[in-house]
Amino acid sequence: MTTLDTHPAQAPGGAEAAPYRWRWPALFVILAGSVMELLDATVTSIAGPTMQADLGGGSSMIQWLGVAYTLAMTAGLLTGGRLGDIVGRKRMFLIGATGFVVGSLLCAVAVSPETVIAARVVQGLFGAAMVPQGLGMMKEMFPPKELQSAFAAFGPIMGLSAIGGPILAGWLVDADFFGTGWRMIFLINLPIGLVTVLAAMRFLPATGRSRTVRLDLPGALLASLGSLLIVFPLVQGREHGWPVWTFAMMAASVAVFAFFGWYESRRSRRGGDPLIAPSLFRKRAFIGGMFVGTIYFSAFTGFGLVFNLYTQLGLGYTPLKAGLAGVPLSAGMIVGMGVMQAVKRHGRKVLLAGAVIMTAGVVALLLLLGPGTGPWQLAPALLVTGLGSGLVMGPYFQIALSGVDPHETGSASGTLTALQQLGAALGVALLGTVFFGALGGDPTVAAQHTFWVVAGMVALTFLAGFLLPRYAREDTEPVH
């Protein structure tokens, strides 16, 4: 996700350059890469129990399948866009797509929890190298009158991916093609990725390299270390009985992030290119956006994981049935984003209303849980939860970016995108730990405890939302 400058490219002499000839086929290549990455971000929440049963490992293995991927995405996104500026966006897209396919193959042939988790890290890193490049190329390929139409293609494609990912994963696991079982959810990336790479070589435009952009590798390493120090003990602490080292690591995470802030300020004062503009941390609206984004994405992602686990471990659904049971959640989210377009003039009120609706949906769902509960009984509460989620997510980025100055928008959007990934990792770690910690008794009780925590987190999102600006700035471009 990044905010783009949509000024048309200029030909020599100040004339507007002719649009890139293959811009529409190139758009489909970019969309294919994004869909491949989005699908793999969700498939393990459905296939996780089957993978654990086959490969072994404790319950934390299911959490690490998601956490390893999202943490790697967080680390990669901090530098992926700038690497595209340095070495060329087409080249980085090809490197990212090829590496993603290799990571998928490594996942498919994994023989232990450790090897599949390591392969998920590979997927996340190369996915983060691939995705930012496409959005950067779009502003160079499309004239302003076509750019919004190109952006609009992302909505339906992302919505279909949100619905189709879990269903596809469940179907592939249940179908057990050629005896591959869960491995097919990764093997399917090989033909898709190969076609994407070949099409990218043919249709993506060659882009120039920047001689002025410098990579803040120490800053990226510090941010990644701070993230790992807080997520690792949250995932592993329960299985080890919460020893002292888990709390020491979480305390060290605070120290590392504080040092990261000092380092970024120092780098900026010396004329360097910090990952995050230090001036952003002096803006209440941006701080509010960080809180809202981290809490909301933690709640939503963790909720999705626990729901998929409960339907399989508690209700005995097959992976395919579990994937289908979650369709109302994704459908509600798509409807919520559509409704948001009609009421977005109300700004922050839309986001706050979404938090209230989402909280009501989660509470209704946890009251419906019980042995023998069918998908149709869960559907209305899931639909309401998704509707509220769409109303939160739809206006979030534009409202959060309204509190920053125009020259800070690029840094702010990159930071909020990385926080989206970090929030997802925290949600899987925290809410997965709550669920598995209570799973020794009744799975329904474990899910209810977890969903009460989710409801509390969404309520915190509502409160933090008052730190945001009242309205989105009109000249802020959409963030994807």
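Modeller: Start with helix length. The expected span of a helix is 1.5 Å times one less than its number of residues. Keep in mind that this is a predicted model.

Colleague: What span should the 29 residues of α16 have, and how far apart are its end C-alpha atoms?

Modeller: At 1.5 Å a residue, the 29 residues of α16 should span 42 Å. The end C-alpha atoms of α16 are 41 Å apart, which agrees.

Colleague: How do I read burial? How many residues of α16 are buried?

Modeller: Buried means under 20% relative accessible area. In α16, 24 of the 29 residues are buried, so the helix is largely enclosed by the rest of the structure. For α3 the count is 14 of 20, so α3 is also largely enclosed.

Colleague: Which residues of α9 are buried, and which helices do they pack against?

Modeller: Here is the general idea. An α-helix has 3.6 residues a turn, so residues three or four places apart point the same way. In α9, the buried residues include Gly219, Leu222, Gly226, Leu229 and Pro233. The buried residues of α9 pack against α2, α10 and α16.

Colleague: On to helix pairs. What describes two packed helices?

Modeller: Two packed helices are described by the angle between their axes and the distance between the axes. Take α2 and α16. Their axes come within 8 Å and cross at roughly 165 degrees. That makes α2 roughly antiparallel to α16, because angles over 145 degrees count that way. The crossing of α2 and α16 is left-handed.

Colleague: Which residues make the contact of α2 with α16?

Modeller: From α2, they include Ile62, Val67, Leu71, Thr74 and Leu78. From α16, they include Thr417, Gln421, Ala425, Val428 and Phe436. By class, the residues of this contact of α2 with α16 divide into 13 nonpolar, seven polar and no charged.

Colleague: How do α15 and α16 cross?

Modeller: Helix α15 is residues 375–401, and α16 is residues 409–437. Their axes come within 10 Å and cross at roughly 140 degrees. That makes α15 oblique to α16. The crossing of α15 with α16 is right-handed.

Colleague: Let us go to single residues. Is Leu31 buried or exposed?

Modeller: Leu31 is buried, at a relative accessible area of 6%. It is found in helix α1, residues 23–55. Beyond its neighbours within four places in sequence, Leu31 is in contact with Ala153, Phe154 and Ile157. From Leu31 to Ser45 is 14 residues in sequence and 23 Å in space, C-alpha to C-alpha.

Colleague: What does Ala68 touch?

Modeller: Ala68 lies in helix α2, residues 60–87. It is buried, with a relative accessible area of 6%. Not counting residues up to four places away in sequence, Ala68 touches Ile117, Arg120 and Val121.

Colleague: Where is Ser253 found?

Modeller: Ser253 is in helix α10, residues 244–269. It counts as buried at 2% relative accessibility. Leaving out residues up to four places away in sequence, Ser253 touches Gly226, Leu229 and Ile230. Gly226 and Leu229 are among the buried residues of α9.

Colleague: What is phi of Trp242, and where is its place?

Modeller: Phi of Trp242 is near 50 degrees, again a positive value in a residue other than glycine. Trp242 lies in the loop between α9 and α10. It is partly exposed, at 32% relative accessible area.

Methods
Residues numbered from 1 in each chain as written. Predicted model: local features only at pLDDT ≥ 70, side-chain atom pairs only at ≥ 80, totals over all residues. Heavy atoms only, no water. Axes fitted to C-alpha atoms, helices over the stretch in contact; angles between N-to-C directions. Helix = DSSP H or I, 4+ residues; strand = E, 2+ residues; numbered from the N terminus. Parallel < 35°, antiparallel > 145°, perpendicular 65-115°, else oblique. Left-handed = near helix turned anticlockwise from the far one by under 90°. Buried < 20%, exposed > 50% of the residue type's maximum accessible area, 1.4 Å probe, protein only. Contact = heavy atoms within 4.5 Å. Nonpolar A, V, L, I, M, F, W, Y, C, P; charged D, E, K, R; others polar.
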